[in-house]
Amino acid sequence: MLIAGNWKMNTDVPEGRTLAQVIADRLSTQPQAFDDVDFLVCPPFVHLPAVRDALDDAPVAVGAQDMHAQDEGAYTGDVSAPMLTSIGCDYVILGHSERRKYYDETDAAVNAKVKQAKRHGLIPIVCVGETLEQRQAGNAEAVVRAQVDGALADVSVGESGALVVAYEPVWAIGTGESAAPEQAQEMHGLLRRDLAERFGASVADGVPLLYGGSMKPHNAYGLLSQPDIDGGLIGSASLAADSFLGIAEKAMDVLEEETT
Ligand code: PEP
């Protein structure tokens, strides 16, 4: 189970460092409590070195929220994959709906970034999800399929996986209204089948499928207990250690239940 925090453009660097330190401290005082949970935080770019240092030996990976598709060059304001790997990033979120909406990021652009991430050993977290209008028009599945098709065109994924897909219905992001567990499972099942057709069943089974969209401690259990939901991409609830780790506790409850 992967519990990932997307801090978006929140906290200044000292606040981000403190949040990371609190998470690290909580994990070190309760080492067994989160045994089977993989943690990831994706702070703003400028926080990355401080957050990496604050997490020190804590079992928490660090990722970025976006990156450029080129290694280097005259791209003012951008950040490259080699820059991210040089400071210890393992993951990068790509194609988040806010990037698609505010920066007109296309599936082709996401595809170029996915390939670039893989060339540099970064694990891409490819975000897909429909808007409310698209869902109401009955097009949710077609939209998500097309986004996956575009983002993963000519991408190969070996047995080691090294790919994460996040289903984030746009209408659920930052609204407090998460998808119902069954509704989310329906889309995750479709994603799993799509990945199996693309890469084979054993690779598809190893690709973590995250749900994102107003996941909180109170609704996490229902979502995370769905068979094809392997974790969460968490926005606002990842900005406080209590709610972030509260969701991880629910993930542990689900995992414990599965083994009994
Ligand atoms: C997100 O933007 O990735 C997200 C899931 O946000 P929130 O949890 O705040 O809805």
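Analyst: A residue is called buried when its relative accessible area is under 20%, exposed when it is over 50%, and partly exposed in between, with a 1.4 Å probe and protein chains only. The structure is a predicted model, in which local features need pLDDT of at least 70 and side-chain atom pairs count only at pLDDT 80 or more, while totals for chains, interfaces and linings use all residues. Residues are numbered from 1 along each chain as its sequence is written, and side-chain values use heavy atoms, leaving out hydrogens and water.

User: Why is Gln116 called buried?

Analyst: The relative accessible area of Gln116 is 2%, which is under 20%, so the residue is buried. Gln116 is found in helix α5, where a helix is a DSSP run of H or I with at least four residues, a strand is a run of E with at least two, and both are numbered from the N terminus. Leaving aside residues up to four places away in sequence, Gln116 touches Met67, His68, Ala69, Gln70, Asp71 and Ala81; contact here means heavy atoms within 4.5 Å.

User: Why is Arg119 called exposed?

Analyst: Its relative accessible area is 58%, which is over 50%, so Arg119 counts as exposed. Arg119 also lies in helix α5, which covers residues 107-119. Apart from residues up to four places away in sequence, Arg119 touches Ala69 and Ala112.

User: What makes the pair of Arg119 and Gln116 a polar contact?

Analyst: A polar contact is a pair of N or O atoms within 3.5 Å; within protein, one must be able to donate a hydrogen and the other to accept it, and residues adjacent in sequence count only if both atoms are side-chain atoms. The side chains of Arg119 and Gln116 are listed as such a contact at 3.1 Å, a value within the 3.5 Å limit.

User: What makes Asp194 and Arg145 a salt bridge?

Analyst: Their N to O distance is 3.9 Å, which is within 4 Å, so the pair qualifies. Asp194 belongs to helix α8 (residues 181-199) and Arg145 to helix α7 (residues 140-151), so the pair ties together parts that are 49 residues apart in sequence. Asp194 is buried at 7% relative accessibility.

User: Why does Arg145 count as partly exposed?

Analyst: The value for Arg145 is 38%, which falls between 20% and 50%, so the residue is partly exposed.

User: How many salt bridges does the structure hold?

Analyst: The structure holds 13 salt bridges. Another of them joins Arg198 to Asp149, with the closest N and O atoms 2.8 Å apart. This pair links distant parts of the chain, with Arg198 in helix α8 and Asp149 in helix α7, 49 residues apart. Salt bridges that share partners also join Asp66, Arg99, Glu105 and Lys113 into one network.

User: Why is Ser214 called buried?

Analyst: Ser214 has a relative accessible area of 8%, under 20%, so it is buried. Ser214 lies in the loop between β7 (209-212) and α10 (217-224). Its phi is near 55 degrees, a positive value in a residue other than glycine.

User: Which residues come nearest to the ligand?

Analyst: Of the 14 residues around the ligand, Lys8, His96, Glu168, Gly174 and Ser214 come nearest; a residue is near if one of its heavy atoms lies within 4 Å. An N or O atom in the side chain of Lys8 is 2.5 Å from an oxygen atom of the ligand. A backbone N or O atom of Ser214 lies 2.7 Å from a ligand oxygen atom. The protein covers 99% of the 290 Å² of accessible area that the ligand has on its own, computed by the Shrake-Rupley method with a 1.4 Å probe.

Methods. A salt bridge is a side-chain nitrogen of Lys or Arg within 4 Å of a carboxyl oxygen of Asp or Glu.
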